[in-house]
Amino acid sequence: MTRIAICAPATPITREIADAVTTMATEFPALALTFHEQCFAQDGHFAGSDGLRLAAFLECANDPAVDAVWFARGGYGSNRIAQTAIDRLSPAARSKAYVGFSDCGFLLAGLYKAGIGWPAHGPMPVNIRAADGPHCVRRTLAWFAGDDHGLEPGLDARPTVAFNLMTLAALTGTPLMPDLRGHVVIVEEVAEHLYAIDRLFFHVVAQLPGIAGLRLGSVTAVPENDRPFGSEAEDIARYWCAASGIPYLGRAQVGHDSANRIVPFGLARSVARA
């Protein structure tokens, strides 16, 4: 039995989302899901205060009976607790998978840098509410159960990470930022103007010395500007990779859409074989 604890280090989910995911998980009898009560707390924008979110994460991560920690939702807020959380993890936290994406990349990055567990970019419970969301959530549940078919198909023998572009830009220069030399770096973005994406790439490529290359995931819900920017997202990625000498390695199936796949940080492995 793979025991999965779910907490919300950023923003909350509803009980309806938790119920829907719990029902779906019955398709995988080898899994046991537990939603921490903190997932439903609310304190302004956040799923409870910083202290409550931190305590819930530590309770899940430090529990020796738990095999994996699944982040309920992104949004914003995991950066506020990430470094303290990393510092307070016990040895029991080192034998777990940690799955989420978007804002939860702050925690994934910190865990990866510290060599704690097996962080992975992957769909979260909140994704079940989207039109094709059940397929995404089922992908993560299957991976927890040992099925690797949900892995991003372009993964190879090189270590790989995946981040939201805005999150990665904010990570650079902080104690949470891992050394990504030799890695393939996948980035995705949502709800940003193309000029903002261009500006983010300008910053990020200067902070990734020695990476093996960059892949571009989905760029969705791009707001309409008052004038055409003149380049699409892939054009922007190619431009800044060429300007910085980073190999551009094409597209990837990650992002804020139904194509979102799983990218274990480092080299791909499933929970069942971890």
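Is M1 buried or exposed?

1. M1 is exposed, with a relative accessible area of 58%; buried means under 20% relative accessible area, exposed over 50%, and partly exposed in between, with a 1.4 Å probe and protein chains only. The model is predicted: local features need pLDDT of at least 70, side-chain atom pairs count only at pLDDT 80 or more, and totals for chains, interfaces and linings use all residues. Residues are numbered from 1 along each chain as its sequence is written, and side-chain values use heavy atoms, with hydrogens and water left out.

2. M1 belongs to the segment before β1 (2-7); helices (H or I, at least four residues) and strands (E, at least two) are DSSP runs numbered from the N terminus. Not counting residues up to four places away in sequence, M1 touches P29, A30, L31, A32 and D67, where contact means heavy atoms within 4.5 Å. Its C-alpha atom and that of A109, 108 residues apart along the chain, are separated by 27 Å.

3. The sheet is open and has six strands in the order β2-β1-β3-β4-β5-β10, with mixed pairing; two strands pair if DSSP finds at least two bridges between them. At the edges are β2 (31-35) and β10 (263-264), each pairing on one side only. Two antiparallel bridges join β5 (residues 118-121) to β10, and P264 in β10 is the bridge partner of A120.

4. The largest nonpolar core has 86 residues, of which L33, F57, W70, F71, Y98 and F201 touch the most other members. Such a core is a set of buried Ala, Val, Leu, Ile, Met, Phe, Trp, Tyr and Cys residues joined through side-chain atoms within 4.5 Å. Helix α2 (residues 50-61) gives the most to this core, with six residues. Leaving out residues up to four places away in sequence, Y98 has contacts that include F57, F71, L108, L111, I116 and W118. A second, separate core of five residues includes A162, A252, V254 and V263.

5. E152 is found in the loop between α5 and β6 (160-164) and is buried, with a relative accessible area of 3%. Leaving aside neighbours within four places in sequence, E152 is in contact with R215, A252, Q253, V254, R261, I262 and V263. The C-alpha atoms of E152 and P264 are separated by 9.1 Å, although the two are 112 residues apart along the chain.

6. The largest pocket has a volume of about 520 Å³. On a 1 Å grid over the protein atoms alone, a pocket is an open set of points where a 1.4 Å probe fits, with protein on both sides within 12 Å along at least five of seven lines; lining residues have an atom within 4 Å of a point. Grid points are joined across faces, edges and corners, and the volume is the space filled by probe spheres set on the points. Of the 28 lining residues, the closest to the centre are G75, F101, S102, V190 and H256. Helix α6 gives the most to the lining, with three residues.

7. S102, in the loop between β4 (97-100) and α4 (105-114), is buried at 14% relative accessible area. A221, in the loop between β8 (213-220) and α8 (233-244), is exposed at 55%.
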